[in-house]
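Here is a friendly walk through some helix packing, followed by a few single residues that deserve a look. Please keep the structure open as you read.

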Amino acid sequence: MSSSSPTTSPVDFEVYGEMQRSRATALRALPVGMDGAWLVQWRNADTVAEYLSPEHHTLSLYLEGGEDVRCRDALAARGGPGSLCSLPAGHRSSWEVNGQLHLLHLYLPRLPLAEAAERWFDLDPRLATLQDRIYFDDPLLAGWGRELVRIDWQETDARLRVQHLVLQMQARLLLDYSETQRRPTAPLRGGLSPAARRRVLDRIEAAGPGAAPGLPELAAAACLSEFHFVRMFKASFGLSPHAWVMRRRLAQARALLAGGRLGLAEVAARTGYAHLSHLNAALRRAGLGSAQRYRQAVSG
């Protein structure tokens, strides 16, 4: 399991925002407490929704209704109670919701899922994205989802059971419904070896919040020259080492802002930003407004 800071509010997920715009009712929401995953239980009726390249993955399980829901991009597809939809990051689709609908969403941030694929199964992070599937059947996934719905999420002892079920769901998604299944025998060219990826990620994690190892340290962990390391890291993760560390740093800052216990300037200092203005600039580039606005949004 990755130690990346969790996504701190369901409003951080674009699909959640689109469900709210479609006037769906969130019955309850729960941070799973690992890798930024969130569960949200929804009711919806007679509306439309459009998903436009979200930055996260979504697994949707229909609990009640759904027979008259139509995806405009896959008009022949038919769903109903027990049907699943796998919507990867970058997915685009438009939906017409006819009649009453009750469903469960599992939101999975892109970066932690890629880390989990590498750490749990030595899978190349480039393939750690879900397949785009409108309606499919999987009794195990559906059974775990229905068990999650039966749990009282507010009970003291519920958290461990919820985490266990979501862990099983993530593992099954990676092993059976990720891009590795589309290209099981097609080796990818370039990139770090599984052992090198693990050493480099461990070195980044060991630096702790607000710190970042230098390029020579990371290249040494991978047993490569700095020049070759930068190329191989980007081939493996789709980001430069600097961009990867900056994304993690921003996630850590968001978690501390949502916690509400530290002042804004202290959050910036603890997560490696030279000034609060630097943190504000990073948040604005991510479309999240200033630190103060972000704190108000996630606590409201």
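An axis here is a line fitted to C-alpha atoms, for helices over the stretch in contact, and angles run from 0 to 180 degrees between N-to-C directions. Helices (H or I, at least four residues) and strands (E, at least two) are DSSP runs, numbered from the N terminus. The model is predicted, with local features needing pLDDT of at least 70 and side-chain atom pairs counting only at pLDDT 80 or more, while totals for chains, interfaces and linings use all residues. Residues are numbered from 1 along each chain as its sequence is written, and side-chain values use heavy atoms, leaving out hydrogens and water.

**Helix pairs**

Let us begin with helix α8 (residues 241–259) and helix α11 (residues 291–299), whose axes come within 8 Å and cross at roughly 60 degrees. That angle makes α8 oblique to α11; angles under 35 degrees count as roughly parallel, over 145 as roughly antiparallel, 65 to 115 as roughly perpendicular and the rest as oblique. The crossing of α8 and α11 is right-handed, meaning that the near helix is turned clockwise from the far one by less than a right angle. In contact terms (heavy atoms within 4.5 Å), Arg254, Leu256, Leu257 and Ala258 of α8 meet Ala291, Tyr294, Arg295 and Val298 of α11. Six of the residues in this contact of α8 with α11 are nonpolar, none is polar and two are charged. For these classes, Ala, Val, Leu, Ile, Met, Phe, Trp, Tyr, Cys and Pro count as nonpolar, Asp, Glu, Lys and Arg as charged, and the others, Gly among them, as polar.

Helix α7 (226–237) takes part in two further pairs, one with α6 and one with α5. The axes of α6 and α7 come within 9 Å and cross at roughly 75 degrees, which makes α6 roughly perpendicular to α7. Leu215, Pro216, Leu218, Ala219 and Ala222 of α6 make this contact with Glu226, Phe229 and Val230 of α7. It divides into seven nonpolar residues, no polar ones and one charged.

For α5 and α7, the axes come within 12 Å and cross at roughly 95 degrees, and the two helices are therefore roughly perpendicular to each other. Arg197, Val200 and Leu201 of α5 meet Phe229, Phe233, Ser236 and Phe237 of α7. Five residues of this contact of α5 with α7 are nonpolar, one is polar and one is charged.

**The buried side of α6**

Which residues of helix α6 (residues 215–222) are buried? They are Leu218, Ala219, Ala221 and Ala222, where buried means under 20% relative accessible area, exposed over 50% and partly exposed in between (1.4 Å probe, protein chains only). These four cover an arc of only 155 degrees around the axis, which puts them on the same side of α6; the arc is that of the directions from the helix axis to the C-beta atoms. Their cover includes α5 (194–207), α7 and α8.

**Single residues**

Cysteine 223 follows α6 and lies in the loop between α6 and α7. Its phi is positive, about 60 degrees, although cysteine 223 is not a glycine. Aspartate 46, in strand β2 (residues 38–52), also has a positive phi in a residue other than glycine, near 45 degrees. Glutamine 170 is found in helix α4 (residues 158–176).

| Residue | Relative accessibility | Class |
|---|---|---|
| Aspartate 46 | 57% | exposed |
| Cysteine 223 | 62% | exposed |
| Glutamine 170 | 2% | buried |

Finally, the C-alpha atoms of glutamine 170 and tyrosine 51 are separated by 22 Å, with the two residues 119 apart along the chain.
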